[in-house]
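The sequence and structure come first, and the description follows.

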Amino acid sequence: MTTTNTRVLLHSRPEGEPTPENFEIDEGAVPEPREGQVLLRTRYLSLDPYMRGRMSTAKSYADPVELGQVMVGGTVSEVVESRDPALAVGDVVVAHAGWQEYAVARPEHVRRLDPEAAPISTALGVLGMPGFTAYAGLTLIGRPQPGETVVVAAASGPVGATVGQIAKILGARAVGIAGGPEKVAHVEELGFDAAIDHRAPDFADQLAAATPDGIDVYFENVGGHVWDAVLRRLNTYARVPVCGLVAHYNQTELPPGPDRMSMLMQQVLIRSLTVRGFIQTEFVAEHEARFLEEASAWVRDGRLQYREDVVDGLANAPEAFIGMLRGQNFGKLVVRVS
Ligand code: NDP
């Protein structure tokens, strides 16, 4: 076995959009598992928008990564050495090993996968944290009723694609918003009732045409100009699960223009809107097992499809991550590490 552990460290904090210089590729020593631990080798690393928040010291729901430390991240990893009877060499698990080739973990902090049940990388996407985020935010906060209209942006990504397809399974009408004609075509192939390009100059008109009965659930993934257009079309009693605001993650100051807070609050009031932010971890204990059961069955019977964007090699993780925040990924972004 090799004795070096390739790692991606946070080298400096970004101002606005991250750059490759914010990261440092490092060759560390492979850690040694102690009694009650296993040594994991990363097979796939998940790249997710939340990692932008961890690069910054701005107050958030989780602590930032310290400078010089390994970037955090979910992984699918293989047990290569075990000092705990709960896991054996060769077992494949979902872990939080971060942007590195090797890590140690305790068995109770990982979840064992059945590699026969589904491709193991799906445990980072449709059958992992993003899929669960979609499921929890939509079914527990959005609560679409049959016939209602659900709108979601970043609709070719793992959260948005899953939101739209679950909305369809629940009998709602699904409208997806994505960047560029290729992604829009893919969203249509997934079975959404309509798909719209948020980069089109007539985006707001297209949204109006695609939502003739207004919008009952807007699953907020992006913010920015998409939210501006959606807000005008929300129905009375509409629900807005606020999941992410990726259009703002690289923002360093408030956007120019008038303060629109009073207008927003007026709409919340006169249309009795429910705007509810959430972090998926709040629902894991109670709902994850049911999600895994239901979503696995939907994937097996083809009702829940997914697309992955696989990048090879840890050294390419920084560029891929930077690109994702610009919309350059097409599907769930994962790095094949080994
Ligand atoms: P994606 O793989 O969909 O990647 C992000 C996508 O956002 C890009 O591909 C791009 O898609 C879109 N995007 C980027 N900038 C803009 C912009 N200015 N305007 C509109 N769209 C933009 O990401 P995920 O599916 O992993 O995550 C989706 C959202 O869910 C994110 O906001 C993320 O932070 C959030 N999230 C929240 C969780 C929670 O617990 N609350 C957990 C997991 C994710 P396109 O080219 O189509 O515009």
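## Ligand site

In this predicted model, a polar backbone atom of Cys-243 lies 2.9 Å from a nitrogen atom of the ligand, a polar contact being a pair of N or O atoms within 3.5 Å, where within protein one must be able to donate a hydrogen and the other to accept it, and residues adjacent in sequence count only if both atoms are side-chain atoms. A polar backbone atom of Phe-278 is 2.8 Å from a nitrogen atom of the ligand, while Tyr-249 places a polar side-chain atom 2.8 Å from an oxygen atom of the ligand. Of the 910 Å² that the ligand exposes when taken alone, the protein buries 92% (accessible areas by the Shrake-Rupley method with a 1.4 Å probe).

The ligand is surrounded by 27 residues, the closest being Lys-183, His-198, Tyr-249, Gln-280 and Asn-329 (a residue counts if one of its heavy atoms lies within 4 Å).

## Domains and their interface

An automatic or database assignment divides the chain into domain 1 (4-125 + 306-336) and domain 2 (129-277), whose centres, taken over C-alpha atoms, are 29 Å apart. In domain 1, 19 residues are in contact with 13 residues of domain 2, contact meaning heavy atoms within 4.5 Å.

Between them the two domains bury about 1300 Å², with 58% of it on carbon and sulfur atoms; buried area is the accessible area (1.4 Å probe) lost by two parts on being put together, summed over both. Gly-125, Leu-325 and Phe-330 supply 32% of the area that domain 1 buries against domain 2, more than any other three residues.

## Basis of the values

Residues are numbered from 1 along each chain as its sequence is written. Local features need pLDDT of at least 70 and side-chain atom pairs count only at pLDDT 80 or more, whereas totals for chains, interfaces and linings use all residues, and side-chain values use heavy atoms, with hydrogens and water left out.
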